[in-house]
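Have a look at the structure below before reading on.

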Amino acid sequence: MENSISMNGGEGPNSYSQNSKMQKEAIDKAKVFISESIIEILKLQKDLKVFSIADYGCSVGPNTFSSIETIIQAVQHKYKTQGPDLKMPEFFVFFNDHAINDFNTLFRTLPPGRQYMAAGVPGSFQGSLFPKSSINLMHSASSLHWLSQVPQEVTKEGSLKWNKGRISYPQSSNQVIEAFRAQFLSDIEAFLKARSAELAPGGLLVMLIPGRPDGTHPSESCMAHIIDCLSDTLADMVKEDIEVNCSWRKAEPANNIKV
Ligand SMILES: C[S@@+](CC[C@H](N)C(=O)[O-])C[C@H]1O[C@@H](n2cnc3c(N)ncnc32)[C@H](O)[C@@H]1O
């Protein structure tokens, strides 16, 4: 969905680059799991000259580069230990995000001395982004919980699923929660369908998605109170017509957006 929002660009105090430590923690915790999965599951291909990696929902900042570094180190290790007679391929990394993502900052801050070529691929990951069977390793961190849209029914006064003007759902009715769940299922299905066509033989898809234990109610999530508090604050600010400086944005070039 090309009119979607993206994270705040640049490297200033309100940028995603400077405000993504929580997401970095998720990436750091998953490092061992990702490396082990590559060692155990990825299948090395004979005569592969270029090993393609895609990061879906890369945003801007150190996190995406950190993920890519972990992946390349593990793939190189696998080649050295499990395929000593195979020639090490070159690495080509595709950074994907919405077209309004700050790709300029992303390219400007690519790590010096990196062992890969880089390209940006704009567009929604709920659709097709790459040729068939072309990506050897797919990665997505802290991005797949983003919905492609607010479920329409929750905004309609009079609908059983109306969310009464709220912009979060942990404290909402079961019907509202169900509407958000259905939207997630539809979005993740679209994502998986598109990736299944793009995945190269023997390839691997790694997804890090924030979640909560099975069987728990959304209000039991550790994020619920923060989200509800944020949601109430934003709603109050809209009522008072206050301009907010957010760490995400709706459209270029403004960092200041009216919520
Ligand atoms: C919280 S950031 C995560 C960035 C990075 N992966 C990390 O771990 O720090 C989520 C990113 O997903 C992107 N995103 C959300 N929905 C998307 C979609 N449908 N297609 C492409 N990118 C999307 C957003 O624009 C945003 O940059």
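Let's begin with a pairing: D55 has H139, in β5, as its bridge partner. This is a predicted model, where local features need pLDDT of at least 70, side-chain atom pairs count only at pLDDT 80 or more, and totals for chains, interfaces and linings use all residues. Residues are numbered from 1 along each chain as its sequence is written, and side-chain values use heavy atoms, leaving out hydrogens and water.

"Buried" here means under 20% relative accessible area, while exposed means over 50% and partly exposed is in between (1.4 Å probe, protein chains only).

Which strands pair with β5? Two strands count as paired if DSSP finds at least two bridges between them. Here are two partners:

| Partner of β5 | Residues | Sense | Bridges |
|---|---|---|---|
| β2 | residues 50-56 | parallel | 3 bridges |
| β6 | residues 199-208 | parallel | 6 bridges |

On the β6 side, L205 is the residue standing opposite M138. In general, side chains in a regular strand alternate between the two faces of the sheet.

Now hop over to T70, which lies in helix α2 (residues 62-82). Is T70 buried or exposed? Its relative accessibility is 8%, so T70 counts as buried. Leaving aside residues up to four places away in sequence, T70 touches K31, I34 and S35, where a contact means heavy atoms within 4.5 Å.

## Zooming out

The whole protein has 5 helices and 9 strands. These are DSSP runs numbered from the N terminus: helices are H or I with at least four residues, strands are E with at least two. In sequence order, the pattern reads β-α-β-α-β-α-β-β-α-β-α-β-β-β. The radius of gyration is 20 Å, close to the 18 Å from the globule rule for 259 residues, so the protein is as compact as a globular protein of that length. That radius is taken over C-alpha atoms, and the rule is 2.2 Å times the number of residues to the power 0.38.

Along its principal axes, the C-alpha trace spans about 65 × 40 × 30 Å. Buried residues make up 42% of the 259 residues. Of the contacts between residues at least 6 apart in sequence, 76% join residues at least 24 apart.
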